[in-house]
Amino acid sequence: MRFVLLGAGVFAASLLVVKGQIGVPSRLPLPVLVAVAAVAGLAAWQARRSWWPLAAVGAAGYVWLVMWPPLLVASYFAGLTLSGRRLAAYLGGCLAVCGIAAFVGAQRSGPYELMTATTGNALILALAVIGLPLALGLLVRTRREAAGERAERREHEQVMRAEQARAQERARIAREMHDVVAHRVSLMVLHAGALEMRASDEETERAAALIGGIGREALANLRDVLGVLRSPENSLGSTPENPPLRPPPTLGDLDRLLDQSRALGIAVTRHDEGAARPVEPAVERTAYRVVQEALTNVHKHAGDAATDVLIRYGPEELEVEVRNRAPGSPPGELPGAGWGLVGLRERVELLGGTLRTNVQDGGGFLVSARIPA
C-alpha cells in the first residue's frame with residue numbers, strides 16, 4: 001500500500017512539474033506529458049522490488065523536461081540502500097546527469113536555460129533534488145542499523161539472562177537432590193551396613209549387603225546426575241571437586257541389573273534372540289533403561305511375579321520386551337512420581353523408536369520397545 005501511494009504521488013508531482021505548476025512548463029501535448037508522468041509513477045510503484053528503473057526514469061526526465069520528482073525519490077532510495085563504491089558511483093552518475101542537463105539547457109532558451117544552465121540555480125536544484133533526499137536516506141538507514149544492533153544486543157542479553165536463570169535453577173535442583181535424596185540414601189546405606197555387621201544369620205547378612213550395594217550404586221548414579229546439573233557443559237574437567245562421570249550403563253551391565261532383581265525374590269529369565277552385534281551407545285543405554293524401568297514397576301506393582309526379559313536383535317532394529325505374570329498376592333504399593341513410563345517413551349521416541357505398554361490376559365503386564373539400530 002505504501003508503494004501504491006508513492007507511485008500515485010510521483011505521478012501527480014511529475015504531472016504538475018511538466019505542466020508548469022511546480023516546474024518548467026513543457027510544450028509537448030498533454031497526452032504525452034500524462035504518459036511520461038505515468039511511467040514515472042509506475043517506476044516508483046515498482047521500487048519495492050528494484051529502484052534502479054526509477055533512477056533511470058528520473059535521470060531521463062530531469063535531462064529532457066527538468067522533471068525532478070522521480071530523481072528525488074531515487075536519491076532517497078540510494079541513500080537507504082547503497083554504500084561505499086556503489087554510493088560513489090551513484091553520485092558520479094548524478095553529477096553526469098546534472099552536467100548533461102546543463103548542456104541541454106544551454107541549447108535552449110527561457111526557463112530551461114535559467115533552471116539548468118545557470119550555475120547557482122543548477123547547484124540549488126541539484127542539492128534539493130539529489131543531496132537532501134540522499135542525506136535523508138543515509139540518516140534513516142543509520143538509525144535502522146542502530147536500532148537493529150540494539151535489538152540484537154537486547155536479544156543477546158535476554159539469552160544470557162535465561163542461561164543464567166537456568167544455571168541457577170539447575171544448581172538449586174542439585175542442592176535439593178543432594179540435601180534430600182542423597183542424605184536419605186546415605187542413611188539407608190549406613191543402616192544396611194550396620195545390619196550386615198550385626199546379622200544373626202547368613203540370609204539376613206546377604207540381604208543387608210545387597211541393600212547396601214544397591215544404595216551405594218544409587219549414590220554413585222546420583223553423583224553423576226548432580227555433576228551434570230552443576231556443570232552441564234562438562235568443561236571443568238576431572239578435579240577433586242568435579243570427579244569424572246562414570247560411563248552410563250549399557251546392555252553389558254544388564255545381567256548385573258537382573259541379578260539384583262533376582263536377589264530380591266523375583267524370578268527373572270533372560271532370553272536373547274538373533275545374532276548379538278554392536279549397536280549405537282545411545283541405543284544400548286535406552287534399551288538398558290527400558291529394562292530397568294520395567295523391573296522397577298514389577299517391584300512396585302507386581303511383587304515377586306515371574307518376569308521374562310527378551311532382547312531381540314533384528315537386521316535394522318533392537319527389540320526389548322519385559323513381560324511379567326500376574327502377582328500371586330497384592331503387593332504393598334511403593335511411592336513413585338508416576339512419570340517413569342512417560343519419560344521412557346520420550347527417550348525411545350527421541351531415537352525414532354516406539355514404546356508399547358499394555359495389560360496382558362491373566363493380569364500380567366508388557367513393556368515393549370522397538371529402537372532403530
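Start with the sheet: select its 5 strands, which form an open sheet in the order β1-β2-β3-β5-β4 with mixed pairing. Two strands count as paired if DSSP finds at least two bridges between them. Helices (H or I, at least four residues) and strands (E, at least two) are DSSP runs, numbered from the N terminus. The model is predicted: local features need pLDDT of at least 70, side-chain atom pairs count only at pLDDT 80 or more, and totals for chains, interfaces and linings use all residues. Residues are numbered from 1 along each chain as its sequence is written, and side-chain values use heavy atoms, with hydrogens and water left out.

Now colour β1 (268–273) and β4 (354–359), the edge strands, each of which pairs on one side only. On average, neighbouring strands of this sheet are turned by 10° against each other, direction ignored. Axes here are lines fitted to C-alpha atoms, for helices over the stretch in contact, and angles run from 0 to 180 degrees between N-to-C directions.

Zoom in on β1 and β2 (residues 307–313), which pair in the parallel sense over 6 bridges. Val 268 stands opposite Thr 307 in β2.

Next, select the helices on the sheet. Helix α10 (residues 281–301) lies across β1, β2, β3 (317–324) and β5 (365–372), and runs at about 10° to β3. Helix α11 (residues 340–350) lies across β4 and β5, at about 150° to β4.

Buried means under 20% relative accessible area, exposed over 50%, partly exposed in between (1.4 Å probe, protein chains only). The axes of α9 and α10 come within 11 Å and cross at roughly 5°. On the α9 side, the contact (heavy atoms within 4.5 Å) is made by Leu 254, Leu 257, Leu 258 and Ser 261; on α10, by Tyr 288, Val 291, Gln 292, Leu 295 and His 299. After α9 comes Gly 265, with a positive phi near 100°.

Finally, move to the largest nonpolar core, which has 40 residues. Such a core is a set of buried Ala, Val, Leu, Ile, Met, Phe, Trp, Tyr and Cys residues joined through side-chain atoms within 4.5 Å. Trp 51, Tyr 62, Phe 77 and Tyr 90 have the most contacts inside it. Another core, of 29 residues, lies apart from it and includes Leu 251, Leu 254, Val 291 and Val 298.
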